[in-house]
Amino acid sequence: MATEEERFLTDYVPREYPSVALAVDLVVFAVTAGTLHAVFVRRGAHPFKGSLALPGGFVLPEEDALTAAWRELEEEAGLDLGAHRAHVEQLATYTSPQRDPRMRVASVAHLALLATDGRALPDLATGSDAAAAEWLPVYDVLANADLAFDHRDILGAGLDRLAGKIEYTLTASRLLPEEFTLNQLRRVYQAVWNTARLDAGNFTRKMTGALQDTGRKVTRGKGAPAAVFTVRDEYLSPPLIRPAG
């Protein structure tokens with residue numbers, strides 16, 4: 001004999017309620033040549049056809065949001081996060097009724113940090129409904145480009161999250177290989193904060209307590225060999241405050 005709850009579920013009619021589609025969007029950051037970049041796609045279909053956008057798309061019925069985010073990034077930009085040293089975290093959920101002109105769409109935005117050696121970015125490949133996929137400097141896009149949907153807000157939120165977290169954690173190291181030099185780490189900070197005003201001596205004093213010296217050194221260019229570090233403590237105490245302006 002069916003229980004009261006089973007009878008309720010049998011008679012329940014979901015279509016009697018307004019439908020809301022679920023989507024994902026991704027802010028994918030990496031640093032090269034001292035500049036913070038993010039992955040962008042050029043939309044190949046309406047709405048906002050031809051506009052610059054963050055990679056993303058709809059969550060399929062059998063997926064959770066994180067699975068959809070990984071799939072959409074690979075489909076639209078040819079970037080497989082599983083093939084890279086990458087950190088992914090949920091950023092925020094965007095639910096404005098007007099954010100998508102097609103219908104009511106809620107989007108779960110994710111922040112992804114890709115490690116590079118600072119000299120090259122992972123290759124991208126256009127796919128699915130994107131007309132192009134490319135790495136672009138974040139601050140140039142925020143200053144000069146129009147983005148589809150509410151993607152400017154999402155990009156700005158991703159940048160704010162990263163810029164704030166690196167004040168008191170070693171999150172910046174996630175944009176580097178597991179082993180790195182202090183100069184590489186300082187260049188990541190300068191790229192994220194869009195500043196050249198980080199004193200090398202003060203930066204070293206702030207960082208060394210949270211880092212583990214591997215005992216190895218590397219030589220790049222004509223300078224003296226540089227010590228190689230890994231992260232020992234995720235948190236900085238006291239924090240490193242970003243320069244004003």
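In the predicted model, strand 2 is largely enclosed by the rest of the structure, because seven of its nine residues are buried. This strand, which spans residues 35-43, has pairing partners in strand 1, strand 7 and strand 3.

Strand 1 and strand 2 run antiparallel and are joined by four bridges. Within this pair, T32 stands opposite T35 of strand 2. The two strands form a hairpin with two residues between them, and A33 of this hairpin adopts a positive phi near 50°. With strand 7, strand 2 forms seven bridges, again in the antiparallel sense; here R43 has A130 of strand 7 as its bridge partner.

The peptide bond between H46 and P47 is cis, with omega of about 0°. F48 has a positive phi near 60°, although this residue is not a glycine. Because its relative accessibility is 34%, F48 counts as partly exposed. Most residues other than glycine have a negative phi, and most peptide bonds are trans.

A cis peptide bond, with omega of about 0°, links S237 to P238, and P238 is placed in the segment after strand 9 (226-231). F149, also not a glycine, has a positive phi of about 50° and lies in the loop between helix 3 (138-144) and helix 4 (151-168). At 18% relative accessibility, F149 falls under the 20% limit and therefore counts as buried.

Strand 2 is also among the elements against which the buried residues of helix 2 pack; the others are strand 1 (21-32), strand 4 (56-58), strand 6 (105-114) and strand 7 (130-137). Helix 2 comprises 13 residues (65-77) and reaches 18 Å from its first C-alpha to its last, close to the 18 Å expected at 1.5 Å a residue. Its buried residues are A65, A68, A69, R71, E72, L73, E76 and A77. An α-helix has 3.6 residues a turn, so residues three or four places apart point the same way. At the start of helix 2, a side-chain oxygen of D64 comes to within 3.3 Å of the backbone nitrogen of L66. Just after the helix, G78 adopts a positive phi of about 65°.

Definitions and conventions:
Residues numbered from 1 in each chain as written. Predicted model: local features only at pLDDT ≥ 70, side-chain atom pairs only at ≥ 80, totals over all residues. Heavy atoms only, no water. Expected span 1.5 Å × (residues − 1). Buried < 20%, exposed > 50% of the residue type's maximum accessible area, 1.4 Å probe, protein only. Contact = heavy atoms within 4.5 Å. Polar contact = N/O pair within 3.5 Å; in protein donor to acceptor, adjacent residues only side chain to side chain. Pairing = 2+ DSSP bridges.
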